[in-house]
Amino acid sequence: MFKRSFHSRDRAGKAVKASKRSFREDVKLKMQQKMESPPIGSTLTSPIITLVVGREARLFACHEDVLSLSPFFAAALKGQFYESTSKKVVLPDEEPEVFSSVLEYLYKGDYYPRLLHDKRRNTWQLEDASDGFGRGSVESTVYHNGVGGVLLKDSVIYCTADKFGLDELKRLALRKQGLQIGISVDVILRTARYAYENTPDQDAKLRAHFLALIIRSRKIFKRSGTMQNEMEIGGSKLFFDLFTAMSNHIDDIVDMTNNRSPKTI
């Protein structure tokens with residue numbers, strides 16, 4: 001499942017090489033290609049679907065053709081979640097703040113804070129970044145009622161996108177997640193558990209992100225009482241995967257050392 005070592009592309013916070021088009025333009029093009037005929041702008045005449053989201057039953061509205069870009073909703077509009085007479089879909093287990101970002105993505109190809117390309121530095125940055133270098137966001141976390149605690153917003157969006165069948169949104173959320181900084185240990189570990197519980201075993205990208213983050217920041221986590229408590233509680237594949245990843249990383253270091261001066265540990 002995991003590679004022998006964590007290369008730069010696996011590490012949290014690493015700037016990603018830019019493509020010739022902006023991420024937002026790329027996503028819009030792919031979304032448009034998924035529409036059967038005219039471009040996205042002309043679908044705004046399709047019927048309006050009402051969505052009732054979360055425990056507080058917050059109301060959202062979305063054009064049917066736009067909502068159907070998600071395989072989940074394309075099926076839901078024909079299934080048991082859909083009240084055809086009122087054109088309503090009820091989603092009691094979703095978080096309204098996260099769902100709002102999903103709808104923003106469906107219409108615009110991105111969600112706030114947007115992912116921006118710095119042409120001079122050839123790096124990706126977050127809109128309204130907190131550190132002046134395109135990293136960190138004032139909206140980096142969200143309270144999740146189902147968990148009863150604060151989680152990293154981009155990770156929740158990633159898991160929601162996986163559920164809704166939006167692969168491009170998953171890619172966008174993961175890239176944004178890598179630009180977040182200054183997140184506390186308890187939020188990282190709580191979100192890592194959430195990621196393991198809400199992604200399939202064959203989807204290792206978000207899981208590997210957290211493993212790389214913990215290993216890279218191991219001195220902080222080693223001193224953390226929260227980390228100790230989480231490991232003692234157990235109940236998640238996270239910690240075995242972390243052990244495997246760290247063992248593989250040590251093996252790589254030993255192999256490189258032995259190539260120069262043969263010895264074992």
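Start by selecting Asp-186. In this predicted model, Asp-186 counts as partly exposed, at 32% relative accessibility.

**Helix H7**

How many of its 13 residues are buried? The count is 10, so H7 is largely enclosed by the rest of the structure. Colour the buried ones: Val-185, Val-187, Ile-188, Leu-189, Thr-191, Ala-192, Arg-193, Tyr-194, Ala-195 and Tyr-196. Next, check the length. At 1.5 Å a residue, H7 should span 18 Å. Its end C-alpha atoms are 18 Å apart, which agrees.

**Helix H11**

Move on to residues 238–260, the 23 residues of helix H11. Which residues of H11 are buried? Select Leu-238, Phe-239, Asp-241, Leu-242, Ala-245, Asn-248, Asp-252 and Val-254. Then show what covers them.

Turn to the second largest pocket, which holds about 270 Å³ of space. Its lining has 16 residues. Select Asp-93, Glu-94, His-144, Tyr-194 and Asn-198, the closest to its centre. Tyr-194 is one of the buried residues of H7. Now show helix H5, residues 153–164. H5 gives the largest share of the lining, 4 residues. Colour the lining by class and you will find 5 nonpolar, 6 polar and 5 charged residues.

**From the pocket to a salt bridge**

Side chains of opposite charge can pair when their charged atoms come close. The side chains of Lys-163 and Glu-94 meet in a salt bridge, at 2.5 Å from N to O. This pair links distant parts of the chain, 69 residues apart. Lys-163 is in H5, and Glu-94 is in the loop between strand E4 (88–91) and helix H4 (96–108). Lys-163 is partly exposed, at 43%.

**A buried pair**

Next, select Lys-176 and Asp-110. They form a salt bridge with the closest N and O atoms 2.7 Å apart. Lys-176 lies in helix H6 (residues 167–177), and Asp-110 in the loop between H4 and strand E5 (115–118), so the pair ties together parts 66 residues apart in sequence. Are these two residues buried or exposed? Lys-176 is buried, and so is Asp-110.

**A network**

Now pick Glu-97, Glu-139 and Lys-153. These residues are linked in a network of salt bridges. A search of the whole structure finds 13 salt bridges.

**Zoom out**

Finish with the whole chain in cartoon view. The secondary structure comes to 11 helices and 8 strands. Colour by burial: of the 265 residues, 46% count as buried.

Technical notes. Residues are numbered from 1 along each chain as its sequence is written. This is a predicted model: local features need pLDDT of at least 70, side-chain atom pairs count only at pLDDT 80 or more; totals for chains, interfaces and linings use all residues. Side-chain values use heavy atoms; hydrogens and water are left out. Helices (H or I, at least four residues) and strands (E, at least two) are DSSP runs, numbered from the N terminus. The expected span of a helix is 1.5 Å times one less than its number of residues. Buried means under 20% relative accessible area, exposed over 50%, partly exposed in between (1.4 Å probe, protein chains only). On a 1 Å grid over the protein atoms alone, a cavity is a set of points where a 1.4 Å probe fits but cannot get out, and a pocket is an open set with protein on both sides within 12 Å along at least five of seven lines; lining residues have an atom within 4 Å of a point. Grid points are joined across faces, edges and corners, and a volume is the space filled by probe spheres set on the points. Ala, Val, Leu, Ile, Met, Phe, Trp, Tyr, Cys and Pro count as nonpolar, Asp, Glu, Lys and Arg as charged, and the others, Gly among them, as polar. A salt bridge is a side-chain nitrogen of Lys or Arg within 4 Å of a carboxyl oxygen of Asp or Glu.
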